[in-house]
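I hope they are handy as you look through it.

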Amino acid sequence: MIVKPKIRGFICTNAHPIGCATSVQQQIDYVQAQGALNNTPKNVLVIGSSTGYGLASRITAAFAGGANTLGVCFEKPPTERKTGTAGWYNTAGFHAKASEAGLYAKTLNGDAFSKELKQQVIDTLKADMGKVDLVIYSLASPRRTDPETGEVYKSTLKPVGQAYTTKTYDTDKNIIHEIALDPANEDEIQQTIKVMGGEDWELWLEALGKADLLADNCKTTAYTYVGKELTWPIYGQATIGKAKEDLDRAAAAIVKTQAAKNVQAYVSSLKALVTQASSAIPVMPLYISLIYKVMKEEGTHQGCIEQIYDLFTDKLTQAHPEVDELGRLYMNTKETNDVTQAKIKALWDQVTQENFHELSDYAGYHHEFLRLFGFDMAGVDYDAEVETLIDW
Ligand code: NAD
């Protein structure tokens, strides 16, 4: 099949297998160029392992730390007529390289929120890997089926308390326009907390603890975005922010229930960047295009792999990592410091349809967006036939 990007709204509905494998290889090259990590975890479970921050975490654990990794993701395999999803091909690329390097890697594709998938993980760990010393929780999902009741909860991206009107960039129509977002009602807030809050993270640790699969001093982290004034109305103080606040509650609960193993549970606060999850959030494409411009000029720009390598180096491999006033592993100072935010705010106030491409780094944003799906990668021949029926 010849595979060219098929973009529909904020998502690309196909993916290029060689491009995805190349993107994985570039991330491996990056961590290997930084040098091996000290005090690395040896058995790592990554929930949400196929794209974005979870994939970067898996690559760092394996290729900078030599860890055995078990991944969990929810991806679509290829068929005769359709390509697989990017996460499918990323995982295939990861497995190929892990196997070459002699690293244990297995990935379970299914619904991480379900009891069945948790049981499969437990069975796999018992059979292959043994106790885990790091659990990364990096799910981003629009819905969750409650494993007890079967009820389906949906997350909403809305402000809380009052309506909010702001600028956004429509990546599909290539226009900047105002959007008015109505505030969420209580049910929408609670449903978003059910999907993106800490309950499922707790259930994972509970299941692993009961099965005696948590090593002494095991660490676990779930990822959050905190941001600043420009994104608070739609993120930090909105429905998704409420769900993320619930991660702090869950972290404390995990530490308490797993005290016998001295499990350390942290919420890690990471920077905003282009992933499949963030592309779907109104305001984010415009905000990220502006921060890319400012942070590249400041020399502080990072993608998933750079940010996660730093998280491992500065925090996750430290016996007692420094935490912020909320107990979080805060990795986002380069984006949220006052000087950088003031520059972004100045651009935000000026940006219009006419000057958007001049004031922002939309070219960089768009390249990163295509790269998520294995497109726009140097060295990949997109006119050539490619085998899409790839497994791992
Ligand atoms: P992503 O969309 O790239 O990755 C989501 C992962 O979750 C994929 O591996 C996907 O297969 C998996 N997944 C989704 N639903 C699943 C299910 N039901 N069962 C099993 N796997 C499932 O997202 P991302 O941006 O890397 O986000 C990961 C985490 O990082 C999220 O908690 C997000 O809020 C947080 N975060 C993101 C940003 C950002 O700017 N992208 C910033 C800070 C924090």
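1. A word on naming comes before anything else: helices (H or I, at least four residues) and strands (E, at least two) are DSSP runs, numbered from the N terminus. By that scheme, Thr124 sits in helix α4, residues 115–129. Residue numbers start from 1 along each chain as its sequence is written, and side-chain values use heavy atoms, with hydrogens and water left out. Please keep in mind that this is a predicted model, where local features need pLDDT of at least 70 and side-chain atom pairs count only at pLDDT 80 or more, while totals for chains, interfaces and linings use all residues.

2. Let me stay with Thr124. Is Thr124 buried or exposed? I call a residue buried under 20% relative accessible area, exposed over 50% and partly exposed in between (1.4 Å probe, protein chains only). Thr124 counts as buried because its relative accessible area is 11%. Contact here means heavy atoms within 4.5 Å. Leaving aside neighbours within four places in sequence, Thr124 is in contact with Leu70, Tyr104, Lys106, Leu108 and Met129.

3. Next, the nonpolar cores. A core in this sense is a set of buried Ala, Val, Leu, Ile, Met, Phe, Trp, Tyr and Cys residues joined through side-chain atoms within 4.5 Å. The largest one has 86 residues, and Ile59, Phe63 and Tyr287 have the most contacts inside it. Helix α9 (residues 284–298) gives the most to this core, with 9 residues. Apart from it lies another core, of 32 residues, including Leu125, Val132, Ala222 and Val263. As general background, nonpolar side chains tend to be buried together in soluble globular proteins.

4. Helix α3 covers residues 86–100. Its 15 residues reach 21 Å from first C-alpha to last, close to the 21 Å expected at 1.5 Å a residue; the expected span is 1.5 Å times one less than the number of residues. This helix is mostly covered, with 11 of its 15 residues buried. Among them are Trp88, Tyr89, Phe94 and His95. The cover over the buried residues of α3 includes α1 (17–34), α2 (52–63), β4 (68–73), β5 (105–109), α8 (276–279) and α14 (362–372). Just after α3, Gly102 takes a positive phi of about 70 degrees.

5. Helix α1 can be read alongside. With 18 residues, α1 reaches 26 Å from its first C-alpha to its last, close to the 26 Å expected. Its buried residues include Pro17, Cys20, Val24, Ile28 and Val31. What covers the buried residues of α1 includes α2, α3, α10 (304–316) and α14. Just after α1, Gly35 takes a positive phi of about 105 degrees.

6. Now to the ligand. How many residues surround the ligand? There are 30, and the closest are Ser50, Glu75, Ala112, Lys244 and Thr275; a residue is near a molecule if one of its heavy atoms lies within 4 Å of it. For polar contacts (pairs of N or O atoms within 3.5 Å), an oxygen atom of the ligand is 2.6 Å from an N or O atom in the side chain of Ser50. A backbone N or O atom of Tyr53 lies 2.8 Å from a ligand oxygen atom, and one of Phe74 lies 3.1 Å from a ligand oxygen atom. Taken alone, the ligand exposes 830 Å², and the protein buries 93% of that; accessible areas come from the Shrake-Rupley method with a 1.4 Å probe. The elements giving two or more residues to the shell around the ligand are α2, β11 (214–224) and α8. The largest share, 3 residues, comes from α8.

7. Two backbone angles deserve a look. Most residues other than glycine have a negative phi. Asp212, although not a glycine, has a positive phi of about 55 degrees. Asp212 lies in the loop between α6 (199–210) and β11, and counts as partly exposed because its relative accessible area is 41%. Asp376, also not a glycine, has a positive phi of about 65 degrees and lies in the segment after α14. At 40% relative accessibility, Asp376 is partly exposed.

Conventions: Polar contact = N/O pair within 3.5 Å; in protein donor to acceptor, adjacent residues only side chain to side chain.
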